[in-house]
Amino acid sequence: MSSGTAIAPTSEGTRERSHRRKVAFLGPFASYSHQATKSAFPNQDKWELIPTTTIREVVDEVQASNVDFGVVPFENSTHGTVSFTLDCLADRASTYPNITICGEAYLDVHHFLLGRRKSSLLPNVDQNAKGTPLTSLSHVKRVYSHPQAFGQTAKFFATYLKGVETIEVSSTSKAAELAAADATGSSAAVAGEVAGEMAGLDVLARCIEDREDNTTRFFVLRRRPCSSRSDDGVEQEVQLPEGLPWTTDRVESLLESPTSGGSPRSLSPRPSLSVSGSCGGRNDDTERIDAYKGLYKSMVSFTVPHHTPGALADVLGCFKRRGLNLTSINSLPSLIAPFQYLFFIEFEGNRWDDPEGRVSGLVGDVEWVEGVAERWRWLGSWLNQRRR
């Protein structure tokens with residue numbers, strides 16, 4: 001699918017869909033990405049959810065303005081970063097100059113082994129048991145799934161499916177479709193329970209993920225209008241729709257502080273940058289600045305001069321001096337030269353809701369822009385959905 005080609009209509013009538021805004025996600029329907037997208041855009045009367053076949057196609061559609069938003073998996077708590085998404089954010093070919101991250105969603109992921117039963121259920125096995133076969137798996141010759149799903153279920157495969165062929169496909173829902181299409185019944189899939197139900201497959205084993213806390217984080221992407229860039233080339237805040245779980249109209253409720261009587265008390269709308277208490281006490285501005293800690297996250301990407309000792313440490317020092325807590329660091333080959341890397345730094349803070357000026361200070365820091373980080377890019381700010 002080319003970036004300039006509109007997504008084909010779904011089975012719903014065009015007249016019914018015309019009033020809804022569009023959101024692209026990694027399909028097909030019933031995939032984990034579909035479930036995450038439904039949680040991020042719950043009102044189906046307002047949002048049309050459109051599946052694509054690859055992560056890159058999601059980003060293509062957002063960049064081309066064929067959709068309003070895109071939802072892509074970014075990282076899993078067990079298996080790490082989704083390389084396809086990171087590659088799109090790296091944008092080393094300058095294909096996606098307007099893509100920005102504006103939200104996130106988390107999904108608890110429980111994998112099922114799905115296929116056709118060739119024998120009766122195993123005796124003395126609780127059919128609700130997790131992480132163990134419910135029937136003989138001797139007939140299973142191949143298993144389809146997404147690479148991330150295979151990585152998250154490695155222990156189960158090492159224990160029960162040694163030597164079985166594993167075939168990577170674009171999504172877990174696609175894997176279920178392929179397993180269902182095998183008339184011999186010798187194919188299985190690692191996918192979600194909903195995908196299995198839609199494909200008409202039997203549950204051969206449930207909850208086979210290596211860890212019970214297996215969770216995937218998804219990014220919500222949007223296209224940044226050209227007019228949203230300031231004179232220094234940095235993205236400016238763009239108004240987002242209200243009433244969604246990940247949008248900033250929820251900030252005031254998150255900043256409410258319970259009083260001694262148990263009822264919430266909302267702090268002043270914005271703290272001033274000059275904070276001073278009287279008699280050693282804490283005023284509302286001080287409390288609100290404390291309340292902002294961990295409220296937002298942001299991400300930037302950059303390269304460093306690889307032959308300069310301590311170059312990466314110098315960049316990280318900019319964050320430390322500004323009091324910005326890092327939440328993740330990733331890297332990809334920069335393609336500038338072999339074995340040189342592009343770094344991604346995620347940190348707590350918001351480019352536009354920045355009461356102490358820490359983030360704006362980082363962005364405007366001459367040492368940061370001109371002397372330390374090379375080819376740096378602002379990738380967005382968003383509300384932290386897992387604030388502690």
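# A walk through a predicted model

Visitor: How many helices and strands are there in the protein?
Guide: The protein has 13 helices and 17 strands. Bear in mind that this is a predicted model.

Visitor: And how much of it is buried?
Guide: Of its 388 residues, 49% count as buried. The accessible surface is about 18,300 Å², and carbon and sulfur atoms account for 50% of that surface.

Visitor: What about contacts between residues at least 6 apart in sequence?
Guide: Of those contacts, 72% join residues at least 24 apart.

Visitor: Let's pick a helix. Why is α3 described as largely enclosed?
Guide: Helix α3 covers residues 55-63, and eight of its nine residues are buried, so the rest of the structure largely encloses it. The buried ones are Ile55, Glu57, Val58, Val59, Asp60, Glu61, Val62 and Gln63.

Visitor: Which residue just after α3 has a positive phi?
Guide: Serine 65 does, with a phi of about 65 degrees.

Visitor: Now α7. Which of its residues are buried?
Guide: Helix α7 runs over residues 172-181, and Thr172, Ser173, Ala175, Ala176 and Ala179 are buried there. Seen down the axis of α7, these buried residues fall within an arc of 155 degrees, so they line one face of the helix.

Visitor: What covers the buried residues of α7?
Guide: The cover includes helices α2 (32-40), α5 (147-152) and α8, along with strands β7 (142-145) and β9 (187-191).

Visitor: What else is in α8?
Guide: Helix α8 spans residues 193-199, and methionine 198 lies in it.

Visitor: Is methionine 198 buried or exposed?
Guide: Exposed, with a relative accessibility of 59%. Together with Phe29 and Val194, Met198 makes a nonpolar surface patch of about 290 Å².

Visitor: Back inside. Which residues of the largest nonpolar core touch the most other members?
Guide: That core has 25 residues, and the ones touching the most other members are Ile101, Phe219, Leu221, Met299 and Phe344. Elements giving two or more residues to this core include α3, α4, β16 (341-348) and β17 (374-383). Another core lies apart from it, with 19 residues, among them Val23, Trp47, Leu244 and Trp246.

Visitor: What does phenylalanine 344 touch?
Guide: Leaving out residues up to four places away in sequence, phenylalanine 344 touches a list that includes Leu86, Leu89, Ala90, Met299, Ile329 and Leu379.

Visitor: Two serines to finish. Where is serine 334?
Guide: Serine 334 sits in the loop between β15 (326-333) and β16. Its relative accessible area is 5%, and buried means under 20%, so serine 334 is buried.

Visitor: What does serine 334 touch?
Guide: Not counting residues up to four places away in sequence, serine 334 touches Arg92, Thr303, Gln340, Tyr341 and Leu342.

Visitor: And serine 138, buried or exposed?
Guide: Serine 138 has 58% relative accessibility and counts as exposed. Serine 138 lies in the loop between β6 (112-115) and β7.

Visitor: How far apart are serine 138 and lysine 118?
Guide: Serine 138 and lysine 118 are 20 residues apart in sequence and 8.8 Å apart in space, C-alpha to C-alpha.

Technical notes: Residues numbered from 1 in each chain as written. Predicted model: local features only at pLDDT ≥ 70, side-chain atom pairs only at ≥ 80, totals over all residues. Heavy atoms only, no water. Buried < 20%, exposed > 50% of the residue type's maximum accessible area, 1.4 Å probe, protein only. Helix = DSSP H or I, 4+ residues; strand = E, 2+ residues; numbered from the N terminus. Contact = heavy atoms within 4.5 Å. Areas by Shrake-Rupley, 256 points an atom, 1.4 Å probe, with all protein chains shown as cover. Patch = residues over 30% accessible without salt bridge, like charges linked within 9 Å, V, L, I, M, F, W, Y side chains within 5 Å. Salt bridge = Lys/Arg side-chain N within 4 Å of Asp/Glu carboxyl O. Arc of directions from axis to C-beta. Core = buried A, V, L, I, M, F, W, Y, C linked by side-chain atoms within 4.5 Å.
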